[in-house]
Amino acid sequence: MRAVQLFGPKDLRSVELPDVPPPGLSDVTVRVEAVGVCGSDLHMWETGGIGGRQVTSPLCLGHEFAGTVVEVGKTPMAESGTKLEIGQRVAVDPAIPCGHCENCREGNPTLCPTHVFMGVPPDPGALCERMNVPAENCFVMPDAISPGVGSLLETLGVAIHAVDLGKTAVAHSAVIFGAGPVGLLILSLLRLAGVFPIYVFEPVAERRAKAMELGAADAWPVPDDPAQALQPLLAATRGRGCDIGFEVADAGRSVDLTFAATRSGGRVVLVGIPPLDRTEFGHATPRRKGLTVRFARRMKHTYPRALALAERPGYAAMLQDLVTHQFTLAESPAAFELAASYRDGVIKAVVNPSQ
Ligand SMILES: [Zn+2]
Ligand SMILES: [Zn+2]
């Protein structure tokens, strides 16, 4: 089968791989029809690794994906408890926790230290024509949900988890640093949760426009001078700052800015991942404000909720609009180049390996 593998930094190549074997007892074979290019994929593409895990042999990236079941094992029980059938369309949760460790037993499979995550070294991802995956990682999608939207459910799940960690309440205010796909989805969820006003900081003009379209009260660029950067927000909140801050950028200086933009006693959720696995921030501001800071890691059983949202026509249309660019498998390098460059109004680039 055709596949695209990462050989090293900025080195994606089309390759021919042996076809997948018949699926195991409780697995299914999925024909991959949409793979979203995620910020973490771009990380691996740019540096050849992520969070200390390096690509040491050619690897298929891609953990945000959806497709059609084309073969089933003997007992392919989906997460919902129903048996998967050939022809069903599914979104796939890329994380396979061990199920036995302390974290898994406590209901935090996302923190499982030995879990497999498709598309992060050493485990292969979905930039290929077919994949065998555990049936219980599959979420059946109604026909109305396009493959592109299906691939966005993972991203949406991450956003739902981040919003959960923010412990939002109706009429709380929020500030979001970074209006990429996750930041924009957080914005959409905060709107649904009755959070207002919501302010956004984002350097790319098209993304600021998108944030305004999705209901941000205001969206500003991020000037270099930190004192200046927060001026519009402090003016809008009469110096108080917002109840909740979300850092959804690169965990660089935006961490300091998020702390500064959040009110004393408020909560901050750090979602962004820094390129070099290092984050620095001033100590005094978060200490004096007594901020509660949560680190978000992926998600926590949020797929069913993501799917429920995607089944609402209005929300589905919003998700579809975030898929701004589509590519064939062979065009994967172009998809990565585009997503990394923020050019051409790109929000989400999606690769279709079955085209
Ligand atoms: Zn992702
Ligand atoms: Zn575990």
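Me: A residue is buried if 20 or more other C-beta atoms lie within 10 Å of its own, exposed if 12 or fewer, and partly exposed in between, with C-beta atoms placed from the backbone. What does His301 count as?

Reply: His301 counts as partly exposed, because it has 15 C-beta neighbours inside 10 Å. The model is predicted: local features need pLDDT of at least 70 and side-chain atom pairs count only at pLDDT 80 or more, while totals for chains, interfaces and linings use all residues. Residues are numbered from 1 along each chain as its sequence is written, and chains are lettered from A and ligands numbered from 1 in the order in which they are written.

Me: Where does His301 lie?

Reply: His301 is in the loop between strand 17 (292-295) and helix 10 (303-310). Helices (H or I, at least four residues) and strands (E, at least two) are DSSP runs, numbered from the N terminus. His301 has a positive phi of about 50°, although it is not a glycine.

Me: And Ala171, buried or exposed?

Reply: Ala171 counts as exposed, because it has 10 C-beta neighbours inside 10 Å. Its phi is also positive, about 70°, and its place is the loop between helix 3 and strand 12 (174-177). Most residues other than glycine have a negative phi, and most peptide bonds are trans.

Me: Which peptide bond to Pro197 is cis?

Reply: The bond from Phe196 to Pro197 is cis, with omega near -10°. Pro197 is in the loop between helix 4 (181-192) and strand 13 (198-201). A cis peptide bond also joins Pro121 and Pro122, with omega about 10°.

Me: Changing topic, how is the protein divided?

Reply: The protein is divided into domain 1 (2-145 + 311-352) and domain 2 (157-295), with bounds from an automatic or database domain assignment. Their centres, taken over C-alpha atoms, are 28 Å apart. The contact takes twelve residues from domain 1 and eleven residues from domain 2; two residues are in contact if their C-beta atoms, placed from the backbone, lie within 7 Å. Helix 1 gives the most to the side of domain 1 that touches domain 2, with four residues.

Me: Which residues of the largest nonpolar core touch the most other members?

Reply: Ile176 and Ile186 do, in a core of 107 residues. Helix 3 (residues 147-166) gives the most to this core, with ten residues. A nonpolar core is a set of buried Ala, Val, Leu, Ile, Met, Phe, Trp, Tyr and Cys residues joined through C-beta atoms within 7 Å. Leaving aside neighbours within four places in sequence, the contacts of Ile176 include Ile186, Phe246 and Val248.

Me: Why is helix 3 largely enclosed by the rest of the structure?

Reply: Helix 3 is largely enclosed because 19 of its 20 residues are buried.

Me: Where does helix 3 bend?

Reply: Helix 3 bends by about 35° at Glu154; the bend at a residue is the angle between axes fitted to the seven residues ending there and the seven starting there. Just after helix 3, Lys167 takes a positive phi of about 45°.

Me: What radius of gyration does the protein have?

Reply: The protein has 20 Å, which agrees with the value near 20 Å for a compact globule of 355 residues. The radius is taken over C-alpha atoms, and the globule rule is 2.2 Å times the number of residues to the power 0.38. Along its principal axes the C-alpha trace spans about 60 × 40 × 40 Å.
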